[in-house]
Amino acid sequence: MFDARITLFAGHYGSGKTNLAVNYAMHLKKHHPHVAIADLDIVNPYFRTKDSEATFEQLGIRFISSEFANTNVELPAMPSNAVALFDDKALYGVIDVGGDDRGAYAVGRYADHLADEPSKNILLVVNSYRPLTRTADALLEIQKEIEAAAHIQFTGIVNNSNLGAQTTLQDIVASSEHMKEVAEKLALPLMMTAVKEEFLESLRDQIPNLFGLKIITKNEWRI
């Protein structure tokens, strides 16, 4: 899936999509010279990618966000230069979308661009251990809400199921079996299972399409 020029991550609040988007942009940078990440949350309190701006600059990753990110200004605000993701065909772009349908409205502005982009992945990020996203029926409702708000269609699912620092290998394996059923219910391929890097070797023979995550916090980067 690393061949897609545009990769969009959306999902329910607390799904871990921002950390995933940041890690994915870092991974893309190892394979492609021109990489950008865009934070398309439209209400200021939900901006989190902005916290990593200095590291993006260090790594040579272009960062796109509203000028009001991480300020006290609370109003819907779209980054004026986000269209560069679609106009610059040499650029590999990662898009972090706000939670649920409210955050997904921002993407609607670029729905035509996404429709015209032949190389894209539009991914629903799921943490099946979160209270509101444990069942396939609940996730199907979230899928429909986001797709309707953003005027897009998901192309796949990312299993980002975890219990934070308490996550065990058994938790990941159990979520993998559950997410196979979810993917069938949502009629979407399960394209990636995101796990902490320390779990990669132990799970490599059990779960396909693993993606290793560094757990990135606001004040700490471990590169």
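Predicted model: local features only at pLDDT ≥ 70, side-chain atom pairs only at ≥ 80, totals over all residues.
**Stop 1: strand S1**

Begin by selecting residues 6-11, which make up strand S1. Is this strand enclosed or open to the outside? Of its 6 residues, 6 are buried, so S1 is largely enclosed by the rest of the structure. Color the residues by side and you will see how this works: Ile6, Leu8 and Ala10 are buried on one side, and Thr7, Phe9 and Gly11 are buried on the other.

S4 (residues 92-96) pairs with S1 in the parallel sense, over 4 bridges. To find one of the places where they meet, pick leucine 8, whose bridge partner in S4 is isoleucine 95. Next show S5 (120-126). S5 also pairs with S1 in the parallel sense, here over 6 bridges. Pick alanine 10 this time, and look for leucine 124, its bridge partner in S5.

**Stop 2: the nonpolar cores**

Leu8 and Ile95 return at this stop. Both are among the residues with the most contacts inside the largest nonpolar core, which has 35 residues. Leu40, Leu85, Val107 and Ile157 belong to that group too. Which elements build this core? At least two residues each come from S1, strand S2 (35-39), H3, helix H4 (100-108), S5, H6 and H7. H6 supplies the largest share, 6 residues.

For a view from inside, select leucine 85. Setting aside residues up to four places away in sequence, leucine 85 touches Arg5, Ile6, Ala36, Ala38, Ile64, Leu91, Gly93 and Ile95. Another core, of 22 residues, lies apart from the one you have been viewing, and includes Phe9, Leu20, Tyr92 and Val94.

While you are in this part of the sequence, step along to aspartate 87, in helix H3 (residues 84-87). Aspartate 87 counts as exposed because its relative accessibility is 54%. Its C-alpha atom is 10.0 Å from that of glutamate 117, which is 30 residues away along the chain.

**Stop 3: aromatic rings**

Show the aromatic side chains next. The whole structure contains 4 aromatic pairs. One of them joins tyrosine 24 and phenylalanine 211 in a tilted arrangement, 5.9 Å centre to centre with 55° between the planes. Tyrosine 24 sits in helix H1 (residues 17-29) and phenylalanine 211 in strand S8 (residues 210-213), so this pair ties together parts 187 residues apart in sequence. Both residues are buried. Phenylalanine 56 and phenylalanine 63 form a stacked pair, with 5.5 Å between centres and 25° between planes. Phenylalanine 56 counts as buried because its relative accessibility is 0%, and phenylalanine 63 is buried too, at 15%.

**Stop 4: helix H7 and its surroundings**

Select residues 169-186 for helix H7, which has 18 residues. From first C-alpha to last, H7 reaches 25 Å, close to the expected 26 Å. Its buried residues are Asp171, Ile172, Ser175, Ser176, Met179, Val182, Ala183 and Leu186. What covers them? The cover includes S5, helix H6 (136-150), strand S6 (156-159), strand S7 (190-196) and helix H8 (200-203). Just past the end of H7, look at alanine 187, which takes a positive phi of about 60°.

From H6, pick glutamine 143. This residue is buried, with a relative accessible area of 6%. Beyond its neighbours within four places in sequence, glutamine 143 is in contact with Leu124, Phe154, Leu186 and Leu188.

**Stop 5: serine 161**

Finish in the loop between S6 and H7, where you will find serine 161. Is serine 161 buried or exposed? It counts as buried, because its relative accessibility is 2%. Its contacts, leaving out residues up to four places away in sequence, are Val126, Asn127, Ser128, Tyr129, Ile172, Ser175 and Met179. The C-alpha atom of isoleucine 172, 11 residues away along the chain, is 6.8 Å from that of serine 161.

Key: Residues numbered from 1 in each chain as written. Heavy atoms only, no water. Expected span 1.5 Å × (residues − 1). Buried < 20%, exposed > 50% of the residue type's maximum accessible area, 1.4 Å probe, protein only. Contact = heavy atoms within 4.5 Å. Phe/Tyr/Trp six-rings, centres within 6.5 Å; stacked < 30°, edge-to-face > 60°. Core = buried A, V, L, I, M, F, W, Y, C linked by side-chain atoms within 4.5 Å. Pairing = 2+ DSSP bridges.
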